[in-house]
Amino acid sequence: MKIATWNVNSIRSRFDHLVKWLHQFQPDVVLLQELKLMSELFPHEQLLDEGYQAAVLGQKTYNGVAILSKHRIEDITYGFENNPLPEEARYIDALIDGSVRIASVYVPNGQNTESPKYPNKLKFIDALRAAVQIRIYENTPYIIGGDFNIAPHDLDATNPDRWKGDVPFTAAERQGYNQLMHLGLHDAVRIKHPYTSQSAPDVMSWWDYRGGSFEKNDGLRIDHILMCPLATDMWTDAGTDRTPRTWEKPSDHTPVWCDLNMTQY
DNA sequence: ATGACATAGCCCCTATGA
């Protein structure tokens, strides 16, 4: 089962890219972020024509998350308990094919350490951890993918010196992220490309629109697919697909994906 | 230090992103 996550930066602006990418990559499940439209405007019918059902939590102008699936979608949960930003559309999960629960998350950016949005980002990560812990205890394989807006390690930036001490690179963000990981989650891409003294050039997921960052491969790895232990046992492969970032008028993010072997389960 | 790009909404300027 191929699972991917992609911050599309407006589904209306990126719809042609999405359909083109679905055709060529053939994912089973796609986690979307930054839809930037209300749920009732989501293009369900056009995606059904492509073979994908969708669970959607939309919002006008900002945020918005969704799950696309070729397999049946059941038991959709919108948001999570004790979310400090309940009016913002940042989390959705659903049971896929009766066998794995998959979440799409859009963690707040936080702007900068002086902004009031920054402590809200940290609170969001803490509350998310508590919600994920409950999901893991449910004993159904659980995967959470999305735009975490955190580079967990210095090797998750091409030029870490530029970001030191700033969002999304601060010690407090990383501490929150690490506490989430310590529930027993595994990072799908870092199984394939472990942290070494050399930064892997092909693990970045975001490049600034400005300054020709993509052409210089001056990026960040802030989009992640995290797997609970039961899901990790099914892991076979993972990576990024940067081809959509090369297309005309792209999202600033590119898809991150992993592959699971469902038959061994 | 600043601005560089892009998106949506409302409307030609602001908020937001990372």
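**Figure 1. Asn63 in the loop between strand 3 and strand 4 of the predicted model.** Asn63 lies in the loop that joins strand 3 to strand 4; helices (H or I, at least four residues) and strands (E, at least two) are DSSP runs, numbered from the N terminus. This is a predicted model, in which local features need pLDDT of at least 70 and side-chain atom pairs count only at pLDDT 80 or more, while totals for chains, interfaces and linings use all residues. Residues are numbered from 1 along each chain as its sequence is written, chains are lettered from A and ligands numbered from 1 in the order in which they are written, and side-chain values use heavy atoms, with hydrogens and water left out. Asn63 has a relative accessible area of 6% and is therefore buried (under 20% relative accessible area; exposed is over 50%, partly exposed in between; 1.4 Å probe, protein chains only).

**Figure 2. Surroundings of Asn63.** Leaving aside residues up to four places away in sequence, Asn63 touches Glu34, Leu35, Lys36, Glu88, Ala89, Arg90 and Tyr106; contact means heavy atoms within 4.5 Å. Pro116 is 53 residues from Asn63 along the chain, and the C-alpha atoms of the two are separated by 18 Å.

**Figure 3. Strand 3 and strand 4.** Strand 3 comprises residues 53-57, and four of these five residues are buried, so the strand is largely enclosed by the rest of the structure. Strand 3 pairs with strand 4 (residues 65-69) in the antiparallel sense over five bridges; two strands pair if DSSP finds at least two bridges between them. Opposite Val56 stands Ala66 of strand 4.

**Figure 4. Strand 6 and strand 7.** Six bridges connect strand 6 (residues 91-96) with strand 7 (residues 100-106), and the pairing is antiparallel. The bridge partner of Leu95 is Arg101 in strand 7.

Figure 5. Chain A contains seven helices and 14 strands. Its C-alpha trace spans about 45 × 45 × 35 Å along the principal axes. Buried residues make up 58% of the 265 residues of chain A. Of the contacts in chain A with a separation of 6 or more, 70% are between residues 24 or more positions apart.
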